[in-house]
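Please keep the sequence and the three-dimensional view at hand while going through the numbered points.

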Amino acid sequence: MVLFTYGDGLRKKTIEELISSDTNLQQLLEKCGNRYHVFNNQQMENRTQVSKLLQKIDKMVATEKKTLDEGGTQQSNQLRIVLLGKAGAGKSVANSILGTEEFKPEASSSSVTSQCRKARREVDGRELIVIDTTTNLRNPNIIHECISLSSPGPHVFLVVIQLGGFAPVDQETMEIIHKFCAEAAKYTMVLFTHANSLKEKTTEEFLSCNEDLAKFILMCRGRYHVFNSQENEVSGLLNNIDRMVKINGGCYYTKEMYMRSVNAIEEQKERILKKTGSEQTKGRGRAEETFGGRSPNESHTAA
């Protein structure tokens, strides 16, 4: 658990705002299970903040004890995965994860929607649900449909990118997901495919040549996995996803989180439009003052 002191130094800023502005701090908190507490040093005589800290510690200890009592792991009977990226890019990955050819070009109408398709299979005693997108993310409703198909919500968004073939559509995918970064980032992981195409180059060397991609991975708390469909990489990928789910406390991305992000984006658009409109109004007012109450065009005509 992270204990922040001098919380009074934040003044009008919240601790959540401080965390969201510092990627290194986000990574530290992730390693600590996103557990933290804030002390106000100007109120050290206030025992309430101490009591709340002890309650959080007791809860953490109880959770860890339960985990150990159950054999060291706490796995849900269901793991819900949404694949995002270039249209069709996730088909082979989805089939590899499920261990069967569930996703086919001629998939039946029962499993295909206008934008996404879904398949499920039991693997090692638990149900895997995989949603693959059949179109690029330019359509604003596709994220909403993916979340609906994975109800009550996906444990992970896997952004599928082909190593050595970073395309403009991959850039678009990153930008769209970046809009929802406030809450979606903690549920997002980059999945690199075709690792053999790098030949002698390492993944780190590839990332060093793609600044935007490196920043996106940093936004996703540094989470990525390299997948070569010619090798048995599925168990390693699922282990990485399980680790992320455990860090997130078993939680998943919900429709409510999505709607909060959509509303925040719309509010931001409205603020920009209002600001732009206000500046245009002020500009017209200054022009009319300059030309004696007439618009520049009228003054030019009169001249």
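1. Helices, in this note, are DSSP runs of at least four residues, numbered from the N terminus. Under that scheme, Leu 54 belongs to helix α3, which covers residues 47-69. The model under review is a predicted one.

2. The overall composition may be stated next. The chain contains 12 helices and 8 strands. Of its 303 residues, 36% count as buried. The chain exposes about 17800 Å², and carbon and sulfur atoms supply 50% of that area. Among contacts with a separation of 6 or more, 70% are between residues 24 or more positions apart.

3. Strand β6 (residues 156-162) deserves attention. Because 6 of its 7 residues are buried, the strand is largely enclosed by the rest of the structure. Strand β3 (residues 78-85) runs parallel to β6, and 5 bridges join the two; in this pairing Leu 83 stands opposite Leu 158. Strand β7 (residues 188-193) also pairs with β6 in the parallel sense, over 6 bridges.

4. Which residues have the most contacts inside the largest nonpolar core? They are Ile 81, Leu 83, Ile 97, Leu 158, Leu 237, Leu 238 and Ile 241, in a core of 24 residues. At least two core residues come from each of β3, α4 (91-98), β4 (116-123), β5 (126-133), β6, β7 and α10 (234-247). Helix α10 supplies the largest share, 6 residues. As a general background, nonpolar side chains tend to be buried together in soluble globular proteins.

5. Apart from neighbours within four places in sequence, Ile 241 is in contact with Leu 79, Ile 81, Val 156, Leu 158 and Met 189.

6. Is Phe 192 buried or exposed? Phe 192, a residue of strand β7, has a relative accessible area of 0% and is therefore buried, the cut-off being under 20%. Beyond residues up to four places away in sequence, Phe 192 touches several others, including Ile 161, Leu 163, Phe 206, Tyr 224 and His 225. Phe 227 is also touched by Phe 192; these two residues are 35 apart in sequence, yet their C-alpha atoms are 5.7 Å apart in space.

7. His 225 lies in strand β8 (residues 224-226). With a relative accessible area of 8%, His 225 is buried. Setting aside neighbours within four places in sequence, His 225 is in contact with Met 189, Val 190, Leu 191 and Phe 192, as well as Glu 233, Gly 236, Leu 237 and Asn 240.

8. Asp 8 is found in the loop between β1 (2-4) and α1 (15-20). Its relative accessibility is 21%, so Asp 8 counts as partly exposed. The C-alpha atoms of Asp 8 and Phe 39 are separated by 8.0 Å, although the two residues are 31 apart along the chain.

9. Leu 54, the residue named at the outset, counts as partly exposed because its relative accessibility is 46%.

Note on methods
Residues numbered from 1 in each chain as written. Predicted model: local features only at pLDDT ≥ 70, side-chain atom pairs only at ≥ 80, totals over all residues. Heavy atoms only, no water. Buried < 20%, exposed > 50% of the residue type's maximum accessible area, 1.4 Å probe, protein only. Pairing = 2+ DSSP bridges. Core = buried A, V, L, I, M, F, W, Y, C linked by side-chain atoms within 4.5 Å. Contact = heavy atoms within 4.5 Å. Areas by Shrake-Rupley, 256 points an atom, 1.4 Å probe, with all protein chains shown as cover.
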